[in-house]
Amino acid sequence: MITPLPVAVLVSGHGTNLQAIINEREAGKLPIAIKVVISNDSSAYALKRAEQHGIPTHCISHKKFDSREAFDSEITKALESFGVELVVLAGFNRILSSHFVKHWKFRLINIHPSLVPAFPGLHAQRQAIEYGVKIAGCSVFFVDEGVDTGPIIIQSAVPVFPDDTEDTLTARILEQEHLILPLAIYWIATDQIYQNGRHVISPKSDVPLMRDYHDR
Ligand code: GRF
């Protein structure tokens with residue numbers, strides 16, 4: 001029996017990725033305990049999703065702090081008070097200070113709606129449409145001090161069709177996000193991957209691929 005990994009999810013918006021994690025947890029597929037959901041925005045619908053599932057929530061508005069560092073250390077304080085060991089950024093719209101990133105190194109992951117290193121930062125799907133790429137996608141990675149530059153854990157690709165809009169592409173990518181984020185968390189919670197420089201490697205040969213994981 002694996003001890004559940006204490007996890008926090010940081011959110012700012014709608015929280016569909018949070019919902020995917022909650023669903024997998026409730027289906028008994030993820031050996032994690034979601035200790036707290038933290039948002040910088042009290043109106044984030046993600047907070048309601050957490051409440052509906054009995055998960056503690058905490059709102060820390062960045063507007064109340066003079067500096068990024070002060071805001072981030074308040075988040076760290078909250079995370080530590082809940083005994084968190086893995087921090088998942090799932091639509092969290094603040095850039096975190098390098099102090100925070102260093103503190104949570106190897107224990108901080110993010111999901112981004114592009115095949116990084118393409119289209120980092122805001123409006124990745126719009127950037128993809130405007131650039132004219134034929135393939136887009138999403139990435140989960142360990143956070144480093146750059147913007148969407150950390151070592152990649154998993155990516156998933158989707159086609160871009162000529163009549164796609166930002167909304168249709170966003171929806172297609174989001175479906176994949178909901179598959180790869182829980183899988184990345186599963187790998188971490190079950191000690192199946194580690195980071196070696198830029199490379200995220202599995203010491204085991206039996207790491208479940210997407211189909212194996214989701215068909216369980
Ligand atoms: C997702 O596209 C995620 O990749 C990005 O922000 C969006 C959050 O969506 N970082 P949701 O709040 O999980 O629905």
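**Buried polar residues and the ligand site**

Leaving aside the neighbours within four places in sequence, Gln176 is in contact (heavy atoms within 4.5 Å) with Cys138, Ser156, Val158 and Met210. The model is predicted, and for that reason local features need a pLDDT of at least 70 and side-chain atom pairs count only at pLDDT 80 or more, while totals for chains, interfaces and linings use all residues. Residues are numbered from 1 along each chain as its sequence is written, and side-chain values use heavy atoms, with hydrogens and water left out.

Gln176 belongs to helix α6; here helices (H or I, at least four residues) and strands (E, at least two) are DSSP runs that are numbered from the N terminus. With a relative accessible area of 17%, Gln176 is buried, a word that stands for under 20%, whereas exposed is over 50% and partly exposed lies in between (1.4 Å probe, protein chains only). The side chain of Gln176 also reaches the side chain of Ser156 in a polar contact of 2.7 Å. Such a contact is a pair of N or O atoms within 3.5 Å; within protein, one must be able to donate a hydrogen and the other to accept it, and residues adjacent in sequence count only if both atoms are side-chain atoms.

Around the ligand stand His14, Gly15, Thr16, Asn17, Gly91, Ile111, His112, Pro113, Leu174 and Glu177, each with a heavy atom within 4 Å of it. Backbone atoms take part here: a backbone N or O atom of Gly15 lies 2.7 Å from an oxygen atom of the ligand, and a backbone N or O atom of Asn17 lies 2.8 Å from an oxygen atom of the ligand. For Ile111, a backbone N or O atom is 3.0 Å from a nitrogen atom of the ligand. Taken alone, the ligand exposes 370 Å², of which the protein buries 80%, by the Shrake-Rupley method with a 1.4 Å probe. Two or more residues of the shell around the ligand come from each of the elements α1 (16-26), β5 and α6 (166-189).

Apart from neighbours within four places in sequence, Gln19 is in contact with Arg49 and His53. Just after α1 comes Gly28, with a positive phi of about 80°.

What does Asn110 touch, if residues up to four places away in sequence are not counted? Asn110 touches Leu89, Ser139, Val140, Phe141, Val143 and Asp148. This residue sits in strand β5, residues 108-112, and counts as buried at a relative accessible area of 12%. With Asp148 there is also a polar contact of 3.5 Å between the two side chains. Asp148 is placed in the loop between β6 (135-142) and β7 (152-159), and Asp148 too is buried, at 13%.

Most residues other than glycine have a negative phi, and most peptide bonds are trans. Asp148, however, has a phi near 60°, a positive value in a residue other than glycine. Phe106, in the loop between α4 (98-103) and β5, likewise has a positive phi, near 70°, and at 46% relative accessibility Phe106 counts as partly exposed. A cis peptide bond, with omega about 15°, joins Val116 and Pro117, and Pro117 lies in the loop between β5 and α5 (124-131).

Last, consider strand β1 (residues 5-11), in which Pro6 is found. Is Pro6 buried or exposed? Pro6 is buried, with a relative accessible area of 12%. Although Pro6 and Ile32 are 26 residues apart along the chain, their C-alpha atoms are separated by 5.9 Å. If neighbours within four places in sequence are set aside, Pro6 is in contact with Ala33, Lys35, Gly83, Val84, Glu85 and Leu86.
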